[in-house]
Amino acid sequence: MATLSDPVRLVVSVALTLLAGFAGSIFTAPQIPGWYAGLAKSPLNPPAWVFGPVWTILFILMGISLFLVWREGTERPEVRAALLAFGVQLALNVLWSVLFFGLQSPLLGFLEIILLWGAVLATIVLSARVSKTAAWLLLPYLLWVSFAAYLTWAVWTLNP
């Protein structure tokens, strides 16, 4: 079986994460001007236009991190563990958009983002066993998910 070259793996990795971001945006974008705009939010809530560029950068960093782990070879158990954790957190990332925006449920979004935060942390820990750089590239994502958890909690508590 032929293995993919590093440039191809890099493109596939980044494309996969950007595709996940696009999947989440299908549930998010239609809700921004109506439902989301009408919600009470934290005073720390950034303007809506900030989220797109921030998430795009984070998805690209996630893709590079995925590439750095994947290129180490899937025959190694620690690589497979990191890749599995990455897949779980990526699925949870999309699920948050489905729950918060698609179902218009800040409560479910908040409960789910706690799981997402744990999955991102686990991905960082497992990725560090394969590539320290891959783990460091996920740190901004963990910080943003931490902030997003606060914002989600604020929307939930401010909109009974």
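## A partly exposed loop residue

Q104 is partly exposed, since its relative accessible area of 36% falls in the range assigned to that class. This value, like the others in this report, belongs to a predicted model. Q104 sits in the loop between α4, which spans residues 77-102, and α5.

The backbone of Q104 deserves a separate remark, as its phi is near 50°, a positive value in a residue other than glycine. As background, most residues other than glycine have a negative phi.

## Helix α5 against helix α7

Two packed helices are described by the angle between their axes and the distance between the axes. For helix α5 (residues 106-128) and helix α7 (residues 139-158), the axes come within 9 Å and cross at roughly 165°. Because angles over 145 degrees count as roughly antiparallel, that crossing makes α5 roughly antiparallel to α7. The crossing of these two helices, α5 and α7, is left-handed.

On the α5 side, the residues in contact with α7 are P106, L107, G109, F110, I113, L116, W117, V120, L121 and I124, while α7 contributes L139, Y141, L142, V145, S146, A148, A149, T152, W153, V155 and W156. Sorted by class, the residues of this contact between α5 and α7 comprise 18 nonpolar and 3 polar ones, with no charged residue.

## A148 within helix α7

A148 lies in helix α7, and with a relative accessible area of 13% A148 is buried, because the cut-off for that class is under 20%. The C-alpha atom of A148 is separated by 9.8 Å from that of W117, a residue 31 positions away along the chain.

## Helix α4 against helix α7

Helix α7 also meets α4, and here the axes come within 13 Å and cross at roughly 20°. The two helices, α4 and α7, are therefore roughly parallel to each other, since angles under 35 degrees count as such. The crossing of α4 and α7 is left-handed.

The contact joins Q89, N93, W96 and F100 of α4 to Y141, T152 and V155 of α7. By class, the residues of the contact of α4 with α7 are 4 nonpolar and 3 polar, and none is charged.

S131 belongs to the loop between α5 and α6, the latter covering residues 132-137. At 12% relative accessibility, S131 counts as buried. The side chain of S131 reaches the backbone nitrogen of A134, with a distance of 3.0 Å.

How values were computed
Residues numbered from 1 in each chain as written. Predicted model: local features only at pLDDT ≥ 70, side-chain atom pairs only at ≥ 80, totals over all residues. Heavy atoms only, no water. Axes fitted to C-alpha atoms, helices over the stretch in contact; angles between N-to-C directions. Helix = DSSP H or I, 4+ residues; strand = E, 2+ residues; numbered from the N terminus. Parallel < 35°, antiparallel > 145°, perpendicular 65-115°, else oblique. Left-handed = near helix turned anticlockwise from the far one by under 90°. Contact = heavy atoms within 4.5 Å. Nonpolar A, V, L, I, M, F, W, Y, C, P; charged D, E, K, R; others polar. Buried < 20%, exposed > 50% of the residue type's maximum accessible area, 1.4 Å probe, protein only. Polar contact = N/O pair within 3.5 Å; in protein donor to acceptor, adjacent residues only side chain to side chain.
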